[in-house]
Amino acid sequence: MLAWTIYLSFAGALLEAILPKSKPALARGVALAVALAGLLLAVACFAANTWQTRVVLTDVPWVPWMGIRYTLAADGISIVLVLLTGLAAVAGVLFSWNIDLRTNEFFAFYLALIGGVYGVFLSYDLFLLFVFYEIAIVPKYFLIAIWGSTRREYGAMKLALYSFVGSAMVLIGLLGSYALSGGHSTGLVDLGQANLPVHFQMWAFPLVFVGFGILAGMWPFHTWAPTGHVAAPTAASMLLAGVVMKLGAYGCLRVAMGLFPRGMDPWGFSFIGIGSWRDVFAVLAVIGIVYGALVALVQSDFKFVIGYSSVSHMGFVLLGLMTLNQIGVTGAVLQMFSHGVIAGLLFAIVGRIVYERTHTRDLTELEGMYLGKRMPFAAWAFVIAGVASMGLPGFSGFVAELQVLVGSWYAKPWWTAATGVGIVVGVAYTWRALQKAFFSDRLPRPDEHPKTGWPKFDAITWPEATGVGMLLAASLFVGLYPRILLNVIEPAVRTLLAGGVR
Amino acid sequence: MNYGDLFRVTLPETVLEIAALLVLVIDLGLLRKAALKTRAAVAVLLGEVGCGVALLTLQFQAQGGLTYPGSRDVVLAAGGSAAVAQTGLLVLTVLSLFLLIDSTFTRHVGEFVAVTLMAAAGGMLIASAQDLLVIFVGLELLSLGLYILTAFAKQSGKSAEGAMKYYLFGGMSAAFLLFGFSYLYGITGSTNLHRVMLGLYSANAAQAAPLEYLALVMIAAGLGFKVAAVPFHLWAPDAYEGAPAPGAAFIASVSKVASFALLISIGTAAWHVFDGMQGRVTISAEFHAQSGPVYLGFRSAWGELLMVMALVSMVVGNLAALAQTNVRRLLAYSAIAHAGYILLGLAFFSYGPRSGQAILYYVLTYGLTTIGAFGAVAVVERASGNADMDAFLGLSRRNPLLAAVLLVLFLSLAGIPPLVGFWAKFNLFAAVLAVYPAGFGLGLVILALAMSAVSLYYYLQVLKRAYVMPAVDTTALKANPVTLMVLVLIAAGVVALGCFPALLQGWMQSFYAGM
Amino acid sequence: MKGIPILTLLTALPLVGAAISLFAGKHARAVALVTTIAALAVSLVVWTNLPPDGSIGLAERAAWVPSLGIEYHLGIDALGALMLVLSAVVTLMSVDAAHRAHHQPNLYFALVLMLEAGLFGSFTALNFFHWFLFWELSLIPAFFLIKLWGGPKRGPAATQFFVYTMAGSVALLLSFLAVYLSTGTMDFIQLTGMARLGFLEPAVKAHLGPVMLWLAIGVLAGFAVKVPLAPFHTWLPAAYSEAPSPVTMLLTGAMSKMGVYGFLRIAVPIFGPQIAQIRTPLLVLAVITVVMGAWAAAAQKDLKRVFAYSSVNHLGYCLLGIFALAVPGTSQALQTSQAAALNGVILQMFNHGITAAALFWFIAMLQERSGGEREIDHFGGLRKPAPVMAGLMGIVLFSSLGLPGLNGFVGEFLIFRGVFALSWVSASISVLGLLVTAAVILTVIQKVFTGPVPEKWAAFPDLHGGERLAMVPVIGLMLLLGILPQLVVDTVNPTVMNLLANWRFF
């Protein structure tokens with residue numbers, strides 16, 4: 001049943017492509033229906049199963065003489081990410097309600113991207129995973145290049161090429177492990193049990209990890225992210241930061257760590273405290289956390305702040321993965337979900353609600369616009385989203401970050417210290433952006449604002465309100481009741497850590 | 001051997017020749033006064049029928065092929081990779097003939113079709129030939145036909161220029177090839193491929209090593225020209241740009257299939273002779289086993305030559321394509337790049353049919369995609385007068401179906417799943433890595449993947465103009481419905497074969513079953 | 001009463017009220033009034049249902065995130081219940097004082113109610129996670145209340161308030177994280193038990209090394225910012241004076257008590273020995289707070305700043321009492337003194353809360369009627385045109401001074417009684433604070449109410465009926481508690497004995 005999320009999305013994409021151009025409302029309706037169907041399916045399947053073990057959805061031969069099978073399966077980690085995709089998909093459609101230019105093509109590419117993402121999360125054959133991963137690249141390019149804003153063609157091409165290079169690296173790892181395991185199968189389970197030689201894992205692990213890490217925004221391969229996020233239209237930024245970056249992190253976890261666990265073993269020598277690939281990537285993750293936060297602190301473009309904050313938050317995820325203990329990796333997966341929702345929310349507010357009305361993203365310009373009074377919905381939604389992003393208890397980010405902190409303490413205490421710095425700077429840049437954009441000190445008090453002299457902003461539309469409400473509710477719900485997700489993530493992580501993909 | 005056997009084995013070629021003559025006769029005789037469109041339609045129809053019949057007759061070729069009189073050596077192979085190549089070749093000829101409909105570059109449609117068919121016959125011959133002289137004959141037949149096809153657009157200066165370059169270059173390369181063949185004959189005393197290989201492996205050949213290397217280089221030059229590998233590629237951009245669309249499609253697809261089938265034959269013959277397990281030269285029971293020291297020098301030399309050509313083709317082809325503003329030239333350089341990938345597969349050729357299968361799969365699907373690409377480009381060309389990138393501006397608005405076809409085909413060329421181009425690349429690289437998983441093999445595969453990333457960039461440039469950038473001219477772009485239907489069919493095929501690779505691969509497998 | 005999760009209900013009530021008032025537009029104040037009155041009623045119900053032996057009752061537990069030791073654990077004893085009642089009363093008074101129609105009332109009252117929810121939540125929480133949640137939750141509404149409705153320098157004041165408190169919170173969080181890593185639990189009761197039995201420090205030493213003192217300092221720092229303790233108090237004068245007076249009522253009446261409560265519920269029970277170790281420097285800081293607070297109040301010309309510093313002084317007594325009783329030993333005399341001091345601290349928390357809130361209520365009235373005037377020197381002789389106000393405010397001022405018979409006296413008396421025995425040096429120096437405070441308050445009374453009436457105040461409006469109705473119960477309470485403190489002490493004392501029994505200082 002869960003596999004239908006993929007098929008429905010692609011069917012929706014095809015349907016959108018042939019819809020008449022003169023009826024954008026129809027295109028929107030179809031897109032919303034398809035996205036909603038996907039979300040409902042995900043929720044229903046989530047509720048219907050305890051997700052204590054892996055559930056196989058489909059397993060048919062595809063290219064028999066190469067041992068490639070069309071295998072779709074899901075465990076706790078997959079279902080959480082599928083839920084995230086469903087949420088982000090519906091929210092993205094809602095926030096794209098106002099797109100008038102070539103609406104049906106927009107939603108065709110959008111749904112194709114969603115289908116590809118669902119496919120990656122549900123694939124249990126490495127080759128199939130790779131195929132879906134590649135399928136997701138092209139719609140991204142067109143979404144940004146056609147409907148984006150600042151430097152969109154450059155941003156789109158950069159994103160496409162970076163993704164392609166990343167996937168090429170993964171392909172090499174795939175080919176290598178396929179060849180070395182005897183060429184019988186590309187199933188994740190089979191490859192996981194293949195006992196690949198250690199020296200192979202030693203170079204395959206970093207290669208595949210970096211390949212996926214590029215998409216996850218790992219420092220220093222993150223440079224596509226701020227440009228891409230700023231260039232992309234709102235729905236695409238939401239998907240990029242919310243879901244696509246998680247594709248990379250998921251690949252790091254499922255493929256790199258699941259198939260090549262020996263690649264993280266100590267090298268036997270150490271250099272300034274770095275003695276294995278695990279140390280290397282942990283250091284890069286920590287750098288990403290701190291660097292992303294510090295750079296976000298000095299940005300003058302609102303969207304860049306959020307873009308760099310995404311790099312910082314993904315650093316948390318990658319650090320959590322590298323702790324290699326139950327609590328850290330669980331925290332990383334929860335952070336994937338949490339950040340997906342919150343980043344989507346932040347981009348929606350900044351891009352869709354603020355930028356569409358004020359036509360500027362420059363913080364200094366926004367400062368003079370009395371937005372706290374004139375756009376109360378956006379201001380307060382950003383306050384709540386901002387504190388959620390900071391990691392306030394009660395929202396999903398707190399438990400996730402706490403788990404990552406605890407996990408990293410158990411692994412290597414100094415990682416925790418550096419991470420703490422990132423959290424503190426995180427509070428700072430969020431607060432700065434909030435102050436400058438909505439509640440600037442330079443302005444008079446709301447009751448002393450000039451009452452006339454500016455054009456009225458459009459009211460908040462129902463799709464915007466629904467989208468914001470939905471995402472906030474999700475973050476709050478998981479924040480107050482994290483066990484609903486932790487209960488399914490923990491068994492999956494336990495299995496993965498115990499013996500790779502089995 | 002008797003002439004009856006010869007006739008039976010070369011039945012498809014014969015059918016093609018007869019069809020060619022028939023087209024000429026009917027066009028010149030019966031349809032003298034008819035309109036161009038009618039004549040074109042009839043000629044194409046006859047050509048298709050001819051190809052269709054040839055396809056049918058492929059079934060009836062004798063097993064084991066045609067042998068020399070009084071010997072068991074095979075002159076013309078049948079079954080296995082030869083049959084696959086020939087079938088593919090005929091299908092591609094059918095498709096490229098469709099592009100002739102609604103074209104305005106010539107009034108001599110009958111001649112065009114006839115020459116195409118004759119060139120196809122030459123290609124068929126090459127695909128199955130196992131004798132150096134037969135190879136040469138087939139090569140000449142194919143090449144001369146291609147030169148003429150390139151020159152067919154008499155109104156266009158570019159056509160003449162391209163054909164001239166092609167002809168001069170081709171003539172020179174043919175000379176090199178013949179020269180190399182003659183050396184091989186001199187060293188080994190036979191013109192049969194397998195005998196030649198056997199001879200090259202023997203201790204005698206070791207003494208003639210310098211001559212051997214010279215011969216190999218000559219042959220590499222000659223065949224490299226045919227497949228447009230660097231540094232023998234200089235004719236390609238001009239020829240692809242100047243030739244009329246059906247001709248360009250034919251060059252890009254059929255001649256490649258034939259040439260690579262030939263290279264596969266050479267590779268298979270080389271392997272076929274050497275049994276790694278027993279460490280000595282054995283072929284099949286018909287040949288005598290030879291014991292004694294075995295000279296392998298030529299095999300690694302050949303492999304190295306191909307490797308260098310592959311490397312340079314991949315890099316030069318992709319990098320040069322980045323700078324192009326004319327889509328035809330872009331396709332030419334991309335053809336050079338693809339030739340590089342395939343040469344990689346040939347440089348690391350496996351014992352057993354795996355490499356051969358992967359290469360044929362690649363070149364057949366590439367041919368299919370290329371015909372579609374040239375067809376789509378031709379439609380745009382006809383409407384706007386040239387094939388510059390800017391002619392594609394706003395294509396998604398002007399003719400969404402054509403733009404969608406272009407999207408599918410170009411992405412397949414870039415190697416994006418789930419299109420067939422991706423499978424072809426994956427298959428090929430897997431085969432290369434199966435032979436040589438480390439060192440050079442791995443390094444070249446990595447380079448190939450990197451170059452694929454580069455290729456994505458320039459394919460996206462065209463697609464960007466079609467989809468992203470605003471149109472200069474927003475009038476609808478009319479395309480002939482038959483042409484459009486064929487293009488859609490090709491695109492659908494690319495998608496279907498990509499989603500269900502078992503279809504084509506399974507079909508190919510069936511040919512190898514008997515081998 | 002059994003089975004009804006009354007503490008959760010109490011915390012949820014203002015949240016629901018906040019949601020309703022967001023959409024209530026002009027009627028937000030009415031909604032807020034109804035909610036706060038209801039909350040007061042529920043808190044009184046809680047007060048009357050406490051276990052008589054002083055232990056923690058009305059417990060509610062539910063598993064939340066077991067892998068992190070996070071549990072939803074609520075419970076209340078007399079200390080917490082007293083704070084609940086205080087919060088309810090102060091919030092009610094604050095809502096009442098905010099009757100001038102200012103901009104966006106729906107948002108204003110929603111934030112106030114959220115703040116009340118934060119207060120209720122932190123006074124009933126027994127597990128670090130949701131205690132911290134509510135601690136942080138109260139920060140956000142307070143920030144916005146200052147920022148959006150405050151005076152001319154509200155921006156920097158709000159930011160300073162936020163940064164200081166956030167820094168303290170981070171220190172708290174990190175220290176507690178370290179404790180969790182060493183013990184695997186975040187439950188206050190369990191940690192107190194471990195500390196009492198002497199297992200806590202060895203556990204921390206085993207996991208992290210000899211950092212227990214640093215963890216204690218981290219926790220202390222977090223609360224020290226909130227109360228505040230000198231030298232972490234510098235955010236307070238700006239915040240109190242820039243915030244609108246009703247908000248200042250909340251800040252001084254209730255939020256500062258969160259800090260003291262934190263000392264009593266968390267810092268002292270868990271880190272008792274460490275506090276005993278650094279008792280002397282802490283006492284010094286407390287004494288400085290007391291004396292400096294009083295002296296600084298004397299130097300101010302702005303009414304709000306006078307009483308801001310005066311709050312610092314009064315809360316300094318609480319801290320004085322807490323630090324003074326951190327002495328290891330089991331003698332009867334010691335226990336009596338400790339009990340006296342602790343009773344005094346708790347009473348002072350309540351009494352000061354009421355008194356300070358009432359004080360700022362009157363200041364709000366003064367401001368309103370005088371068109372925003374806050375300088376002491378610009379008032380004068382208001383006794384004539386507004387005798388009722390002068391009378392009632394006088395009572396409140398005398399209570400703040402510590403006049404016997406009014407509630408302010410009892411707490412201070414008990415604290416001094418205890419501290420004199422525990423650390424006579426600190427007590428002696430702190431008496432200075434009492435004297436200076438007396439001088440300050442008398443000066444205020446003299447300058448504002450007595451003397452010749454300037455022209456512009458001749459028609460100064462007095463309190464009208466509704467306002468009298470609002471204040472009379474409060475004043476009555478002050479008198480009642482001043483004359484019959486045992487009404488409260490009888491319920492508080494068992495809890496005090498319980499707390500002392502659970503605390504360990506060696």
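The side chains of A:D279 and A:K412 meet in a salt bridge with an N to O distance of 2.7 Å, where a salt bridge is a side-chain nitrogen of Lys or Arg within 4 Å of a carboxyl oxygen of Asp or Glu. This pair links distant parts of the chain, since A:D279 belongs to helix α12 (residues 277-297) of chain A while A:K412 sits in the loop between α18 and α19 of chain A, 133 residues apart; helices (H or I, at least four residues) and strands (E, at least two) are DSSP runs, numbered from the N terminus. A:D279 is buried, with a relative accessible area of 7%, whereas A:K412, at 25% relative accessibility, counts as partly exposed; buried stands for under 20% relative accessible area, exposed for over 50%, and partly exposed for what lies in between, with a 1.4 Å probe and protein chains only.

The model is predicted, so that local features need pLDDT of at least 70 and side-chain atom pairs count only at pLDDT 80 or more, while totals for chains, interfaces and linings use all residues. Residues are numbered from 1 along each chain as its sequence is written, chains are lettered from A and ligands numbered from 1 in the order in which they are written, and side-chain values use heavy atoms, with hydrogens and water left out.

Over all chains, the salt bridges come to 25. One of them joins A:E153 to B:K464, with 3.1 Å from N to O, and this pair crosses between chains, from helix α7 (residues 152-180) of chain A to helix α19 (residues 439-468) of chain B. A:E153 counts as partly exposed at 27% relative accessibility, whereas B:K464 is buried, with a relative accessible area of 11%. Within chain B, B:D390 forms a salt bridge with B:R465, the closest N and O atoms being 3.5 Å apart; the pair links distant parts of the chain, with B:D390 in the loop between α15 (354-384) and α16 (395-398) and B:R465 in helix α19, 75 residues apart. B:D390 counts as exposed, at 52% relative accessibility, while B:R465 is buried at 15% relative accessible area. Salt bridges also link B:K158, B:E161, B:K165, B:D238, B:E241 and B:R329 in a network.

The next topic is the interface of chain A and chain C. Here 35 residues of chain A are in contact with 36 residues of chain C, contact being heavy atoms within 4.5 Å. The two chains bury about 2,900 Å² between them, 76% of it on carbon and sulfur atoms; buried area is the accessible area (1.4 Å probe) that two parts lose on being put together, summed over both. Across this interface the rule finds 0 salt bridges, and the count of residue pairs in polar contact, both at pLDDT 80 or more, is 6. A polar contact is a pair of N or O atoms within 3.5 Å; within protein, one must be able to donate a hydrogen and the other to accept it, and residues adjacent in sequence count only if both atoms are side-chain atoms. On the side of chain A that touches chain C, at least two residues each come from α17 (376-390), α18 (396-411), α19 (413-437) and α21 (483-499) of chain A, and the largest share, 8 residues, comes from α18(A).

Burial can also be followed along whole elements.

Some backbone details remain. A:R102 has a positive phi of about 50° although it is not a glycine; A:R102 lies in the loop between α3 (76-95) and α4 (103-122) of chain A and is buried, with a relative accessible area of 11%. A:H359, which is not a glycine either, has a positive phi of about 55° and is found in the loop between α14 (326-358) and α15 (363-367) of chain A, where A:H359 is exposed, with a relative accessible area of 60%. A cis peptide bond joins B:P417 and B:P418, with omega of about -5°, and another cis peptide bond joins C:A230 and C:P231, with omega of about 0°.
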